[in-house]
There are 4 protein chains.
Amino acid sequence: MSQASGVVQTRYRVLYGDVDAMDVVYYGNYLRFFERGRAEFMRDLGMTYKQVEEQGFILPVTEAHCHYHLSARYDDLILIETRIGQVKRASMRFEYQIFQDEDGRKPLAEGYTLHACLNPEGRIVRLPGFLYDLFEKAGGKT
Amino acid sequence: MSQASGVVQTRYRVLYGDVDAMDVVYYGNYLRFFERGRAEFMRDLGMTYKQVEEQGFILPVTEAHCHYHLSARYDDLILIETRIGQVKRASMRFEYQIFQDEDGRKPLAEGYTLHACLNPEGRIVRLPGFLYDLFEKAGGKT
Amino acid sequence: MSQASGVVQTRYRVLYGDVDAMDVVYYGNYLRFFERGRAEFMRDLGMTYKQVEEQGFILPVTEAHCHYHLSARYDDLILIETRIGQVKRASMRFEYQIFQDEDGRKPLAEGYTLHACLNPEGRIVRLPGFLYDLFEKAGGKT
Amino acid sequence: MSQASGVVQTRYRVLYGDVDAMDVVYYGNYLRFFERGRAEFMRDLGMTYKQVEEQGFILPVTEAHCHYHLSARYDDLILIETRIGQVKRASMRFEYQIFQDEDGRKPLAEGYTLHACLNPEGRIVRLPGFLYDLFEKAGGKT
């Protein structure tokens with residue numbers, strides 16, 4: 001992560017299995033790109049999402065939004081940029097920008113996901129201090 | 001379609017391949033449910049999306065939003081309810097509600113997609129009259 | 001199920017999200033069709049795969065094979081025909097044929113999956129009597 | 001590629017969206033891993049599959065087989081090893097081994113795909129000389 005910017009970059013090569021009949025990435029698959037982005041964001045912070053779960057917290061998506069500008073195509077190398085947005089008592093927001101990484105970082109899409117913080121029984125709980133601190137250090141607005 | 005309500009209902013049985021490690025449908029797959037909903041909405045109107053393309057118009061998603069309430073699980077029968085929302089000169093909006101269809105129509109998620117109207121060269125064009133009329137008759141706010 | 005034939009038929013409408021850049025169903029998605037076929041086969045037998053799991057048995061795929069003849073395309077209605085094949089002490093085989101259901105049942109693909117019988121700890125166990133009997137009645141070669 | 005071995009290695013991090021309710025990678029997704037493997041195999045040879053298509057040849061999968069040993073899980077880093085097998089006049093075979101890359105290369109699955117060589121009209125044609133030579137150099141049995 002660039003500490004200055006709070007952005008984590010991840011790259012992904014588009015498969016045949018990702019695109020649809022228009023030879024563009026199927027719109028639902030951008031939510032997979034978002035997941036890949038936030039997984040690498042967490043790993044980069046020093047705590048994987050798997051470790052968060054092992055600590056007894058789950059962070060399910062409660063809302064997802066994607067705005068599509070241009071289309072990624074088969075075999076494109078795409079760049080996923082992930083940031084942490086607003087961090088609240090029991091929820092947080094990740095923000096994503098997707099670029100084609102080959103001809104000068106052409107912007108393809110952008111979006112966000114909102115997440116609740118739940119305990120293993122599925123009840124909403126306060127974000128534990130260790131996550132709150134991590135997200136704040138990573139640039140989250142608290 | 002219930003002519004009164006402008007709603008088209010579609011059912012889908014959740015596969016193992018649709019759920020993730022929490023035994024809930026992966027969040028990205030709701031956008032597949034939305035696609036299924038609007039495909040059946042169009043078929044119900046009397047013109048499939050394939051026929052729209054054959055007429056020389058494509059309606060790509062420019063924005064997608066989903067709000068997740070409760071989780072669909074493996075082998076659940078889900079109900080997708082689709083409506084047409086605002087219809088503009090060169091764009092339109094579909095709205096979706098997802099229910100679990102077994103214990104009293106439990107609401108699971110809701111969302112919308114915005115679509116542009118393009119010609120085969122990818123240029124934004126006015127919605128053709130036949131689509132505008134169809135969408136209006138189906139309850140679209142024009 | 002036609003008791004005579006031991007075949008269960010399931011239909012599925014192909015989504016944009018199922019096809020790839022050649023406008024044909026992505027080859028990996030046929031394994032989803034196989035899953036849909038065997039889920040409906042089990043339901044038709046009177047015991048869903050979910051109920052099998054609730055009885056303490058899991059039937060993971062140990063081998064999958066698919067032979068592709070012709071391609072399913074966007075918006076095709078496909079027909080999945082599922083049969084039970086050889087049933088052994090601790091394993092069984094499902095067999096599938098995929099057809100396009102619109103112009104005279106054009107054969108698209110065929111294949112099979114082999115399944116082990118495991119207990120919840122992941123150890124291979126003998127097929128329980130109730131499953132063995134069900135599969136035998138459904139036409140499985142024992 | 002290790003010229004000695006004719007093997008190309010590709011790594012992939014397992015997403016939540018790849019696993020199913022048993023917290024193991026969905027069996028159909030191994031065919032995506034195979035595609036990723038052969039895409040990188042081709043790129044490593046110096047000619048991407050996209051370039052093959054641009055030369056007027058398509059290589060659709062006519063048969064796929066996968067044997068599952070152990071399960072990849074969420075957040076596993078997997079290693080895909082790809083080789084070229086038999087190369088015939090109008091078809092070829094790719095072979096794959098999938099490992100978990102973290103605790104000593106645990107073997108997870110292995111399989112193969114057979115491919116026909118078609119022209120853009122979908123007719124079977126002889127493999128062009130440039131592909132035949134490439135595959136032979138990469139270790140294909142001719």
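Residues are numbered from 1 along each chain as its sequence is written, while chains are lettered from A and ligands numbered from 1 in the order in which they are written. Because the model is predicted, local features need pLDDT of at least 70 and side-chain atom pairs count only at pLDDT 80 or more, whereas totals for chains, interfaces and linings use all residues.

Helices (H or I, at least four residues) and strands (E, at least two) are DSSP runs, numbered from the N terminus. Helix 1 covers residues 30–45 of chain A, 16 residues in all, and spans 22 Å from its first C-alpha to its last. That is close to the 22 Å expected at 1.5 Å a residue, where the expected span is 1.5 Å times one less than the number of residues. The helix is mostly covered, with 12 of its 16 residues buried. Here a residue is buried if 20 or more other C-beta atoms lie within 10 Å of its own, exposed if 12 or fewer, and partly exposed in between, with C-beta atoms placed from the backbone. Among the buried residues are A:Tyr30, A:Phe33, A:Phe34, A:Arg36, A:Phe41 and A:Met42. After the helix comes A:Gly46, with a positive phi near 105°.

The loop between strand 1 (8–13) and helix 1 of chain A holds A:Asp23. Its phi is positive, about 60°, although A:Asp23 is not a glycine. A:Asp23 counts as partly exposed because it has 14 C-beta neighbours inside 10 Å. In chain B, B:Asp23 sits in the loop between strand 1 (8–13) and helix 1 (30–45), and B:Asp23 also has a positive phi, near 60°.

Turning to the contacts between chains, two residues are in contact if their C-beta atoms, placed from the backbone, lie within 7 Å. Chains A and B meet through 13 residues of chain B and 13 residues of chain A. On the side of chain B that touches chain A, strand 2 of chain B gives the largest share, eight residues. Strand 2 (residues 61–68) of chain A pairs with strand 2 of chain B in the antiparallel sense over five bridges; pairing requires at least two bridges found by DSSP. In this arrangement A:His67 stands opposite B:Glu63.

Finally, the largest nonpolar core has 155 residues. Such a core is a set of buried Ala, Val, Leu, Ile, Met, Phe, Trp, Tyr and Cys residues joined through C-beta atoms within 7 Å. The residues with the most contacts inside the core are A:Ile78, B:Ile78, C:Ile78 and D:Ile78. Not counting residues up to four places away in sequence, C:Ile78 touches residues including C:Tyr12, C:Val14, C:Phe33, C:Ile98 and C:Leu108.
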